Structure formats: C-alpha cells, structure tokens
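This report goes through selected features of one model, from ring pairing to helix packing. The structure is shown first.

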Amino acid sequence: MDFRELLSWRIGQAMHKHPELTHRDWAQLWGCGAATVSRIRTGRCVPSVERLCRIADALDVSVDWLCGRTS
C-alpha cells in the first residue's frame, strides 16, 4: 500500500467512527470544500501539512497515525 492509499484508508476509517457527519461537515472542520474532502478521501490528492494537522485534530487522531508512522 503506498502513502496515498494508506492515508486515504486511515482517514476513511476515522471518518466512519462519526457516521452522523457529512462531507460538508468534514469540509467545514478541515477548512476546505466538500470536493476536496472527496479527493483526499479517495487518494486523488494529498493534503498540505497544515490541512493534515486540521484533519487529524478533527478526527481526534495523530498525524503520525494518519501517515502510517504508528499503529
């Protein structure tokens, strides 16, 4: 599994813990548009470091976990 696949898979796993939130909700929390959430979620783009930190905070996980540095 390459980095993009791992990142998108882990983001998806963390998002599934909050089924009440929509892509629009995540977009607001991450500071981006819903289309960007979809591109990140499917691995079509990799977020900037700043956005990655916002994503980790919103998902209540560490950046290291999202990037596959911890299990």
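## Aromatic pair

Rings of Phe, Tyr and Trp (its six-membered ring) count as a pair if their centres lie within 6.5 Å, with planes under 30 degrees apart called stacked, over 60 edge-to-face and the rest tilted. The model is predicted, so local features need pLDDT of at least 70 and side-chain atom pairs count only at pLDDT 80 or more, while totals for chains, interfaces and linings use all residues. Residues are numbered from 1 along each chain as its sequence is written, and side-chain values use heavy atoms, with hydrogens and water left out.

Searching the whole structure gives 1 aromatic pair. Its members are W26 and W30, with ring centres 6.0 Å apart and planes at 40°, so the pair is tilted. The two residues are 4 apart in helix α2 (residues 23-30), which separates them by about one helical turn. Helices here are DSSP runs (H or I, at least four residues), numbered from the N terminus. W26 and W30 are both buried, meaning under 20% relative accessible area, where exposed is over 50% and partly exposed lies in between (1.4 Å probe, protein chains only).

## Salt bridge

The structure has 1 salt bridge, defined as a side-chain nitrogen of Lys or Arg within 4 Å of a carboxyl oxygen of Asp or Glu. D64 and R69 form it, and their closest N and O atoms are 3.1 Å apart. D64 is partly exposed at 35% relative accessible area, whereas R69 is exposed at 66%.

## Packing of α1 and α3

Helix α1 (residues 3-15) and helix α3 (residues 34-41) have axes that come within 8 Å and cross at roughly 120°. Axes are lines fitted to C-alpha atoms, for helices over the stretch in contact, and angles run from 0 to 180 degrees between N-to-C directions.

On the α1 side the contact (heavy atoms within 4.5 Å) involves S8, I11, G12 and M15, and on the α3 side V37, I40 and R41.

## Two loop residues

R44 sits in the loop between α3 and α4 and is exposed at 55% relative accessibility. Apart from neighbours within four places in sequence, R44 contacts R4, S38 and R39.

D60 lies in the loop between α4 (49-59) and α5 (63-66). Although not a glycine, D60 has a positive phi of about 60°. D60 is exposed, at 69% relative accessible area.
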